[in-house]
Every structure is written in structure tokens, then in C-alpha cells.
Amino acid sequence: MSADIWKWHWWSGGLWPYLAVIIFGFLPSEIWRLMSIFLVRGIDEKSEVLEWVRAVSTALLAAVVANIVVAPAGALQLVPLWARVGAMVLGFAAYFVLRKSVLAGVFTGVGAVIAAAIWLPVAR
Amino acid sequence: MRTALHGPMYFLGLTFVGIGGLAQQADMPLGVVLLTTVLIWAGPAQVIFIGSIINGLSLPAIALSISLSSVRLLPMCVSLLPWLRGQKPSMLLTVFSTHQIAVTAWVESIRRLPDMPASERLAWFMGFTQTLFVGALAATGVGYLLAGALPKELAAGLLFVTPVYFTLALFRNARDAIDWSALALGFVLAPVSRSFLSPGFDLLFVGLIGGTTAWVIKRTLRRRASKSGGVVP
């Protein structure tokens, strides 16, 4: 029972859920933003370190995206892996064909996923 | 603000419609999910928070996985902050501006800020991110109220907005060897590392290894170019 106090349903009445968002959602993510303020002191905008940090960010974001495509959560699981990758490729194609338009690329990729979810859903 | 009203606003809005819908599924009060948008302000972390509540995880476990997924905010803020302090902003304003940094704000700002006069950067950044904020809040509410009415095929499409937009924006931003190699390494290493590292740590591993390798590649190319007297890449 005592372990139960850490479950959401104990917190879900009145003002508790708002407090839960602050303690268990806001603080654990905000701490990284705050830490950056102290780390960035004395770093010049043209410095070599900053170039490295930017490369780390880029690789991290690429990994976040790759993980969503390879192992998605929720409704995206309705679409088979090859179709998710295929939709990404189509998005890319539209982006390049339509003079590097991100908007065209996004709509093509998303359209392809919706089409795959309708006509090629994963058998459950 | 005008920048925000083009693509980024729509993509972010569609993502937050998805988040609002997820929260409704979790039986979360509307005010609570709006608070996650204001305070957490990071799509992937909000999806983890709400998704874990649906799956019945304990709150400390949720806090840990949120913190792991948000480590990426550290390099993102460190690389962006130096561009925002031209006017020597106060500590409070600095804290406020770091809170605005999330993927969409980062991917658009890191591209535009360097080309702007130093005195205009912070004002542009604030206008841009505040517009995104208002749009995301409205979208969260719309998603919450529409949930249930949304066919699952469309929900799948909404969840695909984030990966395809981020990918294209990162490619559009890439200018030289370091960007291209960091991107390519991130995509290639992610599926490999997730097979042997626990969630959260796999991203850190890819970021550090991929980013450092990309940086080394660039340095090597530059040294070679300067030796042969060629053009710096």
C-alpha cells in the first residue's frame, strides 16, 4: 500500500495533479536548462567547444527522430516499419523536388503514413 | 513572429493536438495537461509523462525517465544561449529564455540567430517562441476536446509530424562536414545503441559518440585543407 502513494491515482484529486506535474515533470526536465546557464559562462559564441556541443545536439536529435521511426509509441504502431521508413523517404523526395520546401516534405510524409494506416495496417 | 506563423507553428500545433488527445485518454484534467505544456515544454517528455501515467508507472520512475529524455536540453541550451546574450540580459530574463528552448525553437533559432545583428536576436527569439507557446497551448486544448472523435489513422499521421519535420529541418540546417556527419551518425547509431543500452542512456551515448566523431572529422578535414592550402570546409 505504501508504494501506492507514488502512483498517479493518489495524486489525481484536487490540486495534487498540478503539484505532481511540477515535482515529477517540470523539475526533472528544467534542471538541464538551468544547468546550461552556468556551463555557458565564459564560452564565446565562435568557440570550438560550442561547435562540439552543437554537433552533440544534432546527433542527439537525429537519434530521437530515428527512435520514433524505428520503435514508435501509440497509434504509429499501426503502420509497418517499412512503410514508416518509406514515408520518410517520400517526405525527403518531396522536399528536394519542391525546391527544399519543408512544408511540402512534412505534408507528403504525413500523408503517406495516413495512407499506409488506412490501406496497409499491421495485422493485430 | 512571422517566422513562427509559417511552417513551425503548424507542425508544433499538430504535435500538441496529439498530446492533448493522449491526455484525454489518460483521464487527466484539461488544466493539468495545459500545465505540462507550459512547464515541461518539450513534446517527447510530455508524451513520456502522460504515456507512463496511462501505463501505471510510479511518479518517481516517471521523473527519472523524463530527466533522461531531457538531458538533450543541456547541449541544446548551451549551444544557443551565447547567441542570446548580446544585450547582457538579466538573470531572470536568461532563465526565462532558456525555458523557451525546445526542439522546434532550437532548430529554427540556431539557423537564424547567427545571421542577425546581436541587438535583435533576443527580441526575435522571444517573439518567435512566445508565438509557438500560444499556438501549442491552443492546440493542446483542441486535441483534448477532439480526442475520441479522431480516427486512429489520423492519430498515426499526427505522431509522424515530429519525426519528419525534425529530420527535414536538421537537413536544411546542415551546412558543413560537422553537421552532415553528426546527422548521419545520429541516424545510424540510434537503432544500434538501443539494442544494448537502456532507454534514455542510448540517446546520450549516440549524442556523445556521434557528436564527438563529427567534430573530429571536421577538425581532420580542416587540418588537411590548411596543410594543402585548400579551402576550409
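How many helices and how many strands does the secondary structure of chain B come to? In this predicted model, chain B has twelve helices and zero strands. Chain A comes to five helices and zero strands. The two chains meet in an interface that joins 68 residues of chain A with 82 residues of chain B.

**Chain A: overall form**

- Along the sequence, chain A reads α-α-α-α-α. Its radius of gyration is 21 Å, well over the 14 Å that the globule rule gives for 124 residues, so chain A is more spread out than a compact globule.
- The C-alpha trace of chain A spans about 50 × 50 × 20 Å along its principal axes.
- Buried residues account for 45% of the 124 residues of chain A.
- Among the contacts in chain A with a separation of 6 or more, 40% are between residues 24 or more positions apart.
- The domain assignment divides chain A into domain 1 (1-41), domain 2 (44-71) and domain 3 (72-124). The C-alpha centres of domain 1 and domain 3 of chain A are separated by 34 Å.

**Chain B: overall form**

- Chain B follows the pattern α-α-α-α-α-α-α-α-α-α-α-α when read along the sequence. With a radius of gyration of 19 Å, close to the 17 Å that the globule rule gives for 233 residues, chain B is as compact as a globular protein of that length.
- Along its principal axes, the C-alpha trace of chain B spans about 65 × 45 × 35 Å.
- Of the 233 residues in chain B, 50% are buried.
- In chain B, residues 24 or more positions apart make up 76% of the contacts with a separation of 6 or more.

**Domains of chain B**

- The domain assignment gives chain B a domain 1 (2-173) and a domain 2 (175-233). Their C-alpha centres lie 25 Å apart.
- The contact between these domains draws nine residues from domain 1 of chain B and eight residues from domain 2 of chain B.
- On the side of domain 1 of chain B that touches domain 2 of chain B, the elements giving two or more residues are helix H5 (59-69) and helix H10 (152-173) of chain B. By class, this side of domain 1 of chain B holds five nonpolar, three polar and one charged residues.

- On the side of chain A that touches chain B, at least two residues each come from helix H2 (16-39), helix H3 (48-70), helix H4 (81-97) and helix H5 (102-119) of chain A.
- H3(A) gives the most to this side of chain A, with 21 residues.
- The side of chain A that touches chain B comprises 50 nonpolar, ten polar and eight charged residues.

**Packing of H3(A) against H11(B)**

- The crossing of H3(A) and H11(B) is right-handed.
- The H3(A) residues in this contact include A:Glu51, A:Ala55, A:Thr58, A:Leu61, A:Ala62, A:Asn67 and A:Val70. The H11(B) residues that they meet include B:Ile178, B:Asp179, B:Ala182, B:Gly186, B:Phe187, B:Leu189 and B:Pro191.
- By class, the residues of the contact of H3(A) with H11(B) divide into 16 nonpolar, three polar and two charged.

**Residues with positive phi**

- Most residues other than glycine have a negative phi.
- A:Arg99 is not a glycine, yet has a positive phi of about 45°. A:Arg99 lies in the loop between H4 and H5 of chain A. With 7 other C-beta atoms within 10 Å, A:Arg99 is exposed.
- B:Asp27 likewise is not a glycine and has a positive phi, of about 60°. B:Asp27 lies in the loop between helix H2 (7-25) and helix H3 (30-39) of chain B. B:Asp27 has 11 other C-beta atoms within 10 Å and is exposed, the cut-off for exposure being 12 or fewer.

Technical notes. Residues are numbered from 1 along each chain as its sequence is written. Chains are lettered from A and ligands numbered from 1 in the order in which they are written. This is a predicted model: local features need pLDDT of at least 70, side-chain atom pairs count only at pLDDT 80 or more; totals for chains, interfaces and linings use all residues. Domain bounds come from an automatic or database domain assignment. Two residues are in contact if their C-beta atoms, placed from the backbone, lie within 7 Å. Helices (H or I, at least four residues) and strands (E, at least two) are DSSP runs, numbered from the N terminus. Ala, Val, Leu, Ile, Met, Phe, Trp, Tyr, Cys and Pro count as nonpolar, Asp, Glu, Lys and Arg as charged, and the others, Gly among them, as polar. The radius of gyration is taken over C-alpha atoms; the globule rule is 2.2 Å times the number of residues to the power 0.38. A residue is buried if 20 or more other C-beta atoms lie within 10 Å of its own, exposed if 12 or fewer, and partly exposed in between; C-beta atoms are placed from the backbone. A crossing is left-handed if the near helix is turned anticlockwise from the far one by less than a right angle, and right-handed if clockwise.
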